[in-house]
Amino acid sequence: MRQNSLFENYDFNMPLASRMRPSSLSEFVGQEHLVGEGRILQRLIEKDMLSSMIFWGPPGVGKTTLARIIAEKTNSQFIDYSAVTSGIKEIKAVMAEAEQMRLMERRTILFIDEIHRFNKAQQDAFLPYVERGSIILIGATTENPSFEVNAALLSRCKVFVMHMLSVQDIHELLVRTMNDERGFGKQNIDISDDMLSMIANFANGDARTALSTLEMVIINSPEVDDSIVVSSEVLEQVTSKKILLYDKDREEHYNIISALHKSMRNSDVNAAIYWLARMLEAGENPLYVARRIVRFASEDIGMADSRALEVAVAAYQACHFIGMPECNVHLTHAVTYLSLAPKSNSLTAAYEAAAKDANDTISEPVPLTIRNAPTGLMKQLGYGKDYMYAHNYEDKITSMQCLPDSLKDRHYYIPTEQGSEKRVKERLLQIEQWHKEHDGVERK
């Protein structure tokens, strides 16, 4: 007589991650900054005021699930579409179906997984349908959409950044799975809370990895006296099969780029080269690394050594020219230079301070003196009146006020004594001294 399998109830041929997929926001785990009570995406869903959007984040954090919940909540047709297996012909067929649904006064939510894999022509094919309202496009990507999604399409979408799940989030999901009939709620399974915590830590922010690991652990555990008993030995065997090397499609991607950045910031050249090698040897796109290095050059070095930005941009261009593996030495060149360069975050601090003032004084008018006056009317209104052209003055500096009145004494850029920035500081002090002598205003 054939015995019933442990997984024959509730369509147990489906993977556990699919069976446990949340069907409502109340079941959704994580992303509180987006779907928590009163948060922006939660309000848009509740008010049914959705527009096209892109979910950007690591795998296993709920991008597809959230798109399905949105479709269900807003009573829209949901089409799940893969950028890996579809081309222009398939896009047109789906768009025709969506247009028919629009004529029947029903919206279509088109979810595109890995939207960054579409080429420009494929992405452009969606534009007229997004503009016409035939579809609400929800794209999902693990890559920065600023680089991977066409500007025209990106400008029509709101980007929501989704974070890796916390250990607590995943532990909550695993506990629910053990009690839910879609998971193992109807089964007698002996697994300790400590083991669930181990799986939650092992998953590294990926709910799909956590559920797959739990399923594998239970499948491989023996039945003792009508109970499935999970032992530490089985758990260790299953988790030891995880690929511990860097995987560009998982959270380790973000951990290692963080390690590279922080090693360079700490001037630890050996650690920086090691983390660079970990990324490149595991198959990371060298242009991704190069982009992060270009950012670092201004964020953490800046005016302390302006050549750092030149070196970083040159390394990026070299990666374009010759690619891997030859460009590994160019990236090593840049990483080494940036690691050993003097450090300053004055530019970052300057922008952040200016950005705060900009947001607080967004309605401050531009001083009339430095406004452009291309027409006679503007000149009559005082645009450009008393403008002082610096090149006409001996010191190439004037006492003209360029900030709004409420900010006229602000200082945003505060140079350090590091590297070349010491000379920059001396020049800035000279300019300030000039102003004290010529306009009598002591700047704060």
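Modeller: Two strands pair if DSSP finds at least two bridges between them. Keep in mind that this model is predicted.

Biologist: How many bridges join β2 and β3, and is the pairing parallel or antiparallel?

Modeller: First the general idea. Strands of a sheet pair through backbone hydrogen bonds, in a parallel or an antiparallel way. Here, β2 and β3 share 6 bridges in the parallel sense. Look at Ile79: its bridge partner in β3 is Leu110.

Biologist: What is the order of the strands in the open sheet?

Modeller: The order is β2-β3-β4-β1-β5, and the pairing of these 5 strands is parallel. β2 and β5 (158-161) stand at the edges with a single partner strand each, so one side of each has no neighbour in the sheet. On average, neighbouring strands are turned by 20° against each other, direction ignored.

Biologist: Now helix α4. Which of its residues are buried?

Modeller: Buried means under 20% relative accessible area. In α4 (residues 63-73), 8 of the 11 residues pass that test. Among them are Leu66, Ala67, Ile69 and Ile70.

Biologist: What covers the buried residues of α4?

Modeller: The cover includes helices α2 (32-35) and α3 (40-46). It also includes strands β1 (53-56), β2 (77-82), β3 (108-113) and β4 (136-141). Just after α4, Asn75 has a positive phi of about 55°.

Biologist: At what angle do the axes of α15 and α16 cross?

Modeller: Roughly 150°, and the axes come within 10 Å. Angles over 145 degrees count as roughly antiparallel, so α15 is roughly antiparallel to α16. Leu276, Met279 and Leu280 in α15 meet Pro286, Tyr288 and Val289 in α16. This contact has 6 nonpolar residues, no polar and no charged.

Note on methods
Residues numbered from 1 in each chain as written. Predicted model: local features only at pLDDT ≥ 70, side-chain atom pairs only at ≥ 80, totals over all residues. Heavy atoms only, no water. Buried < 20%, exposed > 50% of the residue type's maximum accessible area, 1.4 Å probe, protein only. Helix = DSSP H or I, 4+ residues; strand = E, 2+ residues; numbered from the N terminus. Contact = heavy atoms within 4.5 Å. Axes fitted to C-alpha atoms, helices over the stretch in contact; angles between N-to-C directions. Parallel < 35°, antiparallel > 145°, perpendicular 65-115°, else oblique. Nonpolar A, V, L, I, M, F, W, Y, C, P; charged D, E, K, R; others polar.
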